[in-house]
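Here are my notes on this one, point by point. Have the coordinates open while you read.

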Amino acid sequence: MNYKGRLKRFRSYFRHYRLDALLVTHLPNIRYLCGFTGSAGALLVSRNKCEFFTDGRYREQADDEVQGARVIIASKPPVLAAAERLAADGRKAETKAPWWTGVEGEHLTLAERFRVGVEMRSDHRLKAVPPVAEVLRMVKDDEEIRLIRAAVSLGASLFDRALQAIRPGVKEVEVAAEMEYAARRGGAEGMSFPTIIAAGARSALPHARASEAAIPRSGFVVCDFGVILAGYYSDMTRTVHVGHPTSAARQLYQAVLEAQQAAVDAVRPGATVGEVDQAARKLLQKQGFGQYFTHSTGHGVGLEIHEAPKVAAGGPEILKPGMVITIEPGAYIPGKYGVRIEDMVVVTEHGCEVLTPTSKELVTI
Ligand code: ZN
Ligand code: ZN
């Protein structure tokens, strides 16, 4: 990974926010900027230095993984060790002007903010800055896209296991168990989120986790799942039908499929995420299902399952080549059933490439 280039782009925001340093505490951002994959750390980036603080448990791992930053093993929580260092650095800077340090306002807890503040001297100022690393992370480089492709491919292979497992009378958790076992056998670090298998009337719940409920003799089964591989997340949804679908069920499936395709077709550099959302929403509205599409069309995916940009109604972010987003419209008719279809796509120079290799034709079991 090109950590040097990432740090350079990260520091280019210092001017904009008038910062002397930025304290990074969100672990995926730390991983992105210096490579550390552990669960305790703080990265202090100033204009001319970059220091990574962790505790003794991570001594070897930090030495192996961290690039572009000096590793400091602290005997106190990493964020406080970083604050202490900041206070010492400020002292060396013999200037009357205040020393401004940015903190990640979306991630630092109030308790941490207070404790860091106690370490500061009177000429120190802290300010919460909007996401910086998250903005950089939106555009993936070639190496990241290669890793995402591998995660998507392993994730997609689990759908075959789902198709083998889904039978009337089998519990939703049993289907999820088969998929998750196959994921680990395939090398996954874990699942991207608790696998969603939602059968029958439960398919109308957009975020139903796999439950003890048995798959009915007839009805939709929403399968939403993904794996983490080498740090990168995958995410896909397919909805299958057990038994013979009614014509109303087929019509709903077809409408969601067309909405999904319309949104995929709208993905290109220069388009806003709001336009992509609108493409799916407009189609479902035209077919009379607009009120049943109750969430946004998609989200960025990378080192986290949900990251910027959010592909939501009216969203202003402009798509750029290298962004990886999901396209996942759905329609949920309360008490009856629901359908969602989700692919991951990467924005290319002229449009997009659908990464998820799985067919979207309605599978009946
Ligand atoms: Zn998703
Ligand atoms: Zn999903």
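Which residue in S12 stands opposite Phe 220? His 241 does. Keep in mind throughout that this is a predicted model.

1. The sheet around that pair. Phe 220 and His 241 face each other across S9 and S12, and these two strands, the former covering residues 219-225, run antiparallel and are joined by seven bridges. The sheet they belong to is open and has three strands, in the order S8-S9-S12, with antiparallel pairing. Strand S8 (196-199) and strand S12 (236-242) are the edge strands, each pairing on one side only. On average, neighbouring strands of this sheet are turned by 15 degrees against each other, direction ignored. As a reminder, strands of a sheet pair through backbone hydrogen bonds, either parallel or antiparallel.

2. Helices on the sheet. Helix H7 (residues 142-165) lies across S9 and S12, and runs at about 15 degrees to S12. Helix H8 (residues 172-185) also packs on the sheet, where it touches S8 and S9. The direction of H8 makes about 150 degrees with that of S8.

3. A length check on H7. With 24 residues at 1.5 Å a residue, H7 should span 34 Å. The C-alpha atoms at its ends are 36 Å apart, so the model agrees with the expectation. Have a look at the start of H7 too: there, a side-chain oxygen of Asp 141 comes to within 3.2 Å of the backbone nitrogen of Glu 143.

4. Thr 297. You'll find this residue in the loop between helix H10 (273-286) and strand S13 (298-300). Is Thr 297 buried or exposed? Its relative accessibility is 0%, so Thr 297 counts as buried. Its side chain is joined to that of Asp 277 by a polar contact of 2.8 Å. Leaving aside neighbours within four places in sequence, Thr 297 is in contact with several other residues, including Ala 263, Ala 280, Arg 281, Val 311 and Thr 326. Pro 316 sits 19 residues from Thr 297 along the chain, and their C-alpha atoms are separated by 14 Å.

5. Thr 326. This contact of Thr 297 lies in strand S15 (residues 324-327). Thr 326 has a relative accessible area of 0%, under the 20% cut-off, and is therefore buried. The side chains of Thr 326 and Glu 328 make a polar contact (2.9 Å). Beyond four places in sequence, the contacts of Thr 326 include Asp 235, Gly 298, His 299, Val 301, Glu 342 and Met 344.

6. His 299, one of the contacts of Thr 326, stands opposite Lys 310 in S14. S13 and strand S14 (residues 307-311) pair in the antiparallel sense over three bridges, and a hairpin of six residues joins S13 to S14. One thing to inspect here is the peptide bond from Ala 308 to Pro 309, which is cis, with omega near 0 degrees. Pro 309 has its place in strand S14.

7. Two positive phi values. Most residues other than glycine have a negative phi, and most peptide bonds are trans. Arg 18, not a glycine, has a positive phi of about 50 degrees. Arg 18 lies in the loop between helix H1 (3-17) and strand S1 (21-24), and its relative accessible area of 66% makes it exposed. Ala 230 also has a positive phi, near 50 degrees. Ala 230 lies in the loop between strand S10 (227-229) and strand S11 (232-233), and at 36% relative accessibility it counts as partly exposed.

8. The nonpolar cores. In soluble globular proteins, nonpolar side chains tend to be buried together. The largest nonpolar core here has 43 residues, and the members touching the most others are Phe 10, Leu 22, Phe 36, Leu 43 and Phe 52. Take Phe 10: not counting residues up to four places away in sequence, Phe 10 touches Leu 22, Val 24, Leu 33, Val 45, Val 132, Ala 133 and Leu 136. Another core, of 34 residues, lies apart from it, with Ala 249, Val 267, Val 273 and Ile 341 among them.

Definitions and conventions: Residues numbered from 1 in each chain as written. Chains lettered and ligands numbered in written order. Predicted model: local features only at pLDDT ≥ 70, side-chain atom pairs only at ≥ 80, totals over all residues. Heavy atoms only, no water. Pairing = 2+ DSSP bridges. Helix = DSSP H or I, 4+ residues; strand = E, 2+ residues; numbered from the N terminus. Axes fitted to C-alpha atoms, helices over the stretch in contact; angles between N-to-C directions. Contact = heavy atoms within 4.5 Å. Expected span 1.5 Å × (residues − 1). Polar contact = N/O pair within 3.5 Å; in protein donor to acceptor, adjacent residues only side chain to side chain. Buried < 20%, exposed > 50% of the residue type's maximum accessible area, 1.4 Å probe, protein only. Core = buried A, V, L, I, M, F, W, Y, C linked by side-chain atoms within 4.5 Å.
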